[in-house]
Amino acid sequence: MMAVPSSLARDISPPPPLKRRKTSGTFSPNITPEPVSSVKPTLAAVEAGKAKIDDHLAYFKDHLSKASRETTKGVARLSINEFAALYHNNQHQHGHHFVIHQHNHPRAGVHYDLRLQFSESSSMSFAVPKGLPGNPNSRSIGRMAIETRVHNYWNHLIESASYKTGSLLIWDTGTYEVLPRKHQGRNKKGMPSPQTTDEEHSESDPGDEEAKTSIRTQSEEKHENEKLIEAFKSRYIRLRLHGPRLPRGYTIILRLPSNEIIKRPTARRKRRQKPSVTRQRSPADSDNDSNDEVIQEEEVDDDLDTDTDEDTQTRATNAYPGSMNDIGSVHQRHWFMQLDRHNSGFLLDRADGGKGRWIQGKDGNGCAAFLVRGRDHERSVVTGRLAREVESDEGVEGFVGRGGWVGIEY
C-alpha cells in the first residue's frame, strides 16, 4: 500500500492569504498614531477668553520672559521672577494685588486701567482717561475714573496687542493698602482736620478713647481686600498703592458722587463733543484741600467702553466669565479720583505767602511728584517695552489708535 503524501495528511488546508484593500480610517495595530499637536494658543485667543489655559501664570511668565528688553538705569522694573512671585503670593481669597495697564484702544484711545483684586478670582476695574494724578500743584488735581466690568484676576498678567483691542502694557503692578476714612475732628485752632470731608460725622464721643481704640483694632484685623470691599460699598476709597513705578507712599481717593449712586447701565450714546468744564469746588468735594481751590475736571466725549466682546450673561452680571460680581459693581459709573496730598506725604510750603506750594516731605520722606507722559514715553515695568514694541512683537504692524491724547501737567 502506497504511503499518503504529507500534503494530504492535514485535516484542513490553510486558506490562501487575503489581499486587504486599503480603506480610509482603517486602524492597524502595528502603526503608532501621531501625537496631538501641542502648539500653544495665541496670546490674542487667551486674552479674548477663547482659549482654555490651566495655568495663566506659567503661560504669561513664559511669554513675557521672551519679550523682555534691557533698559537704562533709572527705569522702574520688576524682574520676571519678582512679577510671578507677586502674582502667586496673592492668588488666594484675601489677595490684594493691583495692576495699572496703559491701554491704547482703537476706539477709546489712550487711557489707563486700574484693576484691584478683591477675591481669589475677581478684580474691580476703573478706566482713567488721563492716568493717575501725580502733580500736587496741578490745577487739575482731580481725575475722572470710569467703573468698568469686573475682570478676572489673571487679567493682571496680560501684556499684549491686537488690531481689535490695541496695545495693553503693564504700567505698574504691586499691592494696595486701604487707609481708613477719617472721622471729622478739629485741631487746636478750631479748624476742620485736613484729612476729613464735610460729609463725614463722628458718631462717638471725641473723648471716648476706648471706643476709638476698639474701632481701630477691628479695622487692623481685617484683610486689605475686605477693607476694599467695605470702602467700595461706602462709595469712598482711600487707597495707597505700592509698586515699582509709583513713588513711595502714593495715595489717592476714589469717591462716587451722589448723582452716580443709582446709575444703571445705558445704551451707548452717539459721540458728541463736550467742552472742558471748570467749576468751583463745593464743600462736599473737599477732602484735604482748601474749599476755594478751582479744579479742572476733564470730560470725555463718550462713555469709555472698551468691552466689545461681552455676551448677554456678561452684561447681566457685569462680570466676565470666570469672575464674580458680588460687590455690586455697576458698569460705566463715573467716580472722582483725587491725589491725597497729605497722606502721600506732601507738605504745604507757605514761605512765599499766598496759598503756598506743595513740596515733598523733609529729607526726601513722602511721595515725589510725577507726570503721566503717555505711550510714547512710558515703558512696561515687567518687560521694559514701549507700546509700539508690544505691538511689533505681536505682529500688529501699522496700528493707528485714536489720537488727541494729551497729558495733564498743570
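Predicted model: local features only at pLDDT ≥ 70, side-chain atom pairs only at ≥ 80, totals over all residues.
Let me begin with the charged pairs, because side chains of opposite charge can pair when their charged atoms come close.

Which residue does Arg 115 meet in a salt bridge? Its partner is Asp 113, with 3.5 Å from N to O. Both ends of this pair are covered: Arg 115 counts as buried because its relative accessibility is 7%, and Asp 113 counts as buried as well, at 4%.

A second pair has another setting, and here the closest N and O atoms, those of Lys 222 and Glu 230, are 2.5 Å apart. Lys 222 is partly exposed, with a relative accessibility of 31%, and Glu 230 is likewise partly exposed, at 47%.

Let me step back to the chain as a whole. The protein chain has 410 residues, of which 44% are buried, and its secondary structure comes to 7 helices and 13 strands. If we take the contacts with a separation of 6 or more, 70% of them are accounted for by residues 24 or more positions apart. The accessible surface is about 23,100 Å², and carbon and sulfur atoms contribute 52% of that area.

Now to a pair of helices. Two packed helices are described by the angle between their axes and the distance between the axes. At what angle do the axes of helix α2 and helix α3 cross? For α2, residues 56–67, and α3, residues 80–89, the axes cross at roughly 160° and come within 10 Å, which means that α2 is roughly antiparallel to α3. On the α2 side the contact is made by Leu 57, Lys 61, Leu 64 and Ser 65, while α3 contributes Ile 80, Asn 81, Phe 83, Ala 84, Tyr 87 and His 88. As for handedness, α2 passes α3 in a right-handed crossing.

The loop between α2 and α3 contains Arg 77, which is partly exposed, with a relative accessible area of 25%. The C-alpha atoms of Arg 77 and Asp 172 are 8.9 Å apart in space, although the two residues are 95 residues apart in sequence.

Phe 346 sits in another loop, the one between β11 and β12, and with a relative accessible area of 3% Phe 346 is buried. Which residues are in contact with Phe 346, once its neighbours within four places in sequence are left aside? Among them are Pro 136, Leu 339, Trp 358, Gln 360 and Cys 367. Gln 360 is 14 residues from Phe 346 along the chain, and their C-alpha atoms are separated by 4.9 Å.

I will finish with the backbone. Most residues other than glycine have a negative phi, and most peptide bonds are trans. Arg 235, however, has a positive phi near 70°; Arg 235 is found in the loop between α5 and β7 and is partly exposed, at 32% relative accessible area. Asn 318 also has a positive phi, of about 60°, although it is not a glycine. Is Asn 318 buried or exposed? At 6% relative accessibility, Asn 318 counts as buried, and its place is the loop between α6 and β11.

Note on methods: Residues numbered from 1 in each chain as written. Heavy atoms only, no water. Helix = DSSP H or I, 4+ residues; strand = E, 2+ residues; numbered from the N terminus. Buried < 20%, exposed > 50% of the residue type's maximum accessible area, 1.4 Å probe, protein only. Contact = heavy atoms within 4.5 Å. Areas by Shrake-Rupley, 256 points an atom, 1.4 Å probe, with all protein chains shown as cover. Salt bridge = Lys/Arg side-chain N within 4 Å of Asp/Glu carboxyl O. Axes fitted to C-alpha atoms, helices over the stretch in contact; angles between N-to-C directions. Parallel < 35°, antiparallel > 145°, perpendicular 65-115°, else oblique. Left-handed = near helix turned anticlockwise from the far one by under 90°.
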